[in-house]
Amino acid sequence: MTEIMSLIMDKKTTHFDPSKFEDHYEEALKQLIESKRTGLPMPKPAPRPKENVKDLAGILRKSMEAEGIAPPKGEKPKAKTA
């Protein structure tokens, strides 16, 4: 499992530029404070994600397959559990 993660991390590693990201938490907090300050209705919370990831190893395997990377020798795909 560690080998799979290392392969994917090496393949996906790039320079991190924080200016390309938005802080959604900070923006939501500002809206909440502003609504309380002005007496306006509270903003609606963001909807929860619909998908709950349970099989990280399976997702990593699919990512490797999409990149054309073979799993390490001895690594066998496990059956899905409900």
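This is a predicted model: local features need pLDDT of at least 70, side-chain atom pairs count only at pLDDT 80 or more; totals for chains, interfaces and linings use all residues.
Which residues in helix 1 meet which residues in helix 3?

Residues are numbered from 1 along each chain as its sequence is written, and side-chain values use heavy atoms, with hydrogens and water left out.

The chain has three helices and zero strands, in the order α-α-α from the N terminus. Helices (H or I, at least four residues) and strands (E, at least two) are DSSP runs, numbered from the N terminus.

The mean pLDDT (the predictor's confidence in each residue, from 0 to 100) is 79 for the chain, and 83% of the residues reach 70 or more. Confidence is lowest in helix 1 (residues 2-12), with a mean of 79, and highest in helix 2 (residues 24-38), with 89. Of the 82 residues, 12% count as buried, that is, under 20% relative accessible area with a 1.4 Å probe, protein chains only.

In helix 1, Ile-4, Met-5, Leu-7, Ile-8, Lys-11 and Lys-12 meet Leu-60, Ser-63, Met-64 and Glu-67 of helix 3. Contact means heavy atoms within 4.5 Å. The residues of this contact divide into six nonpolar, one polar and three charged. Nonpolar covers Ala, Val, Leu, Ile, Met, Phe, Trp, Tyr, Cys and Pro; charged covers Asp, Glu, Lys and Arg; the others, Gly among them, are polar.

Key:
Buried means under 20% relative accessible area, exposed over 50%, partly exposed in between (1.4 Å probe, protein chains only).
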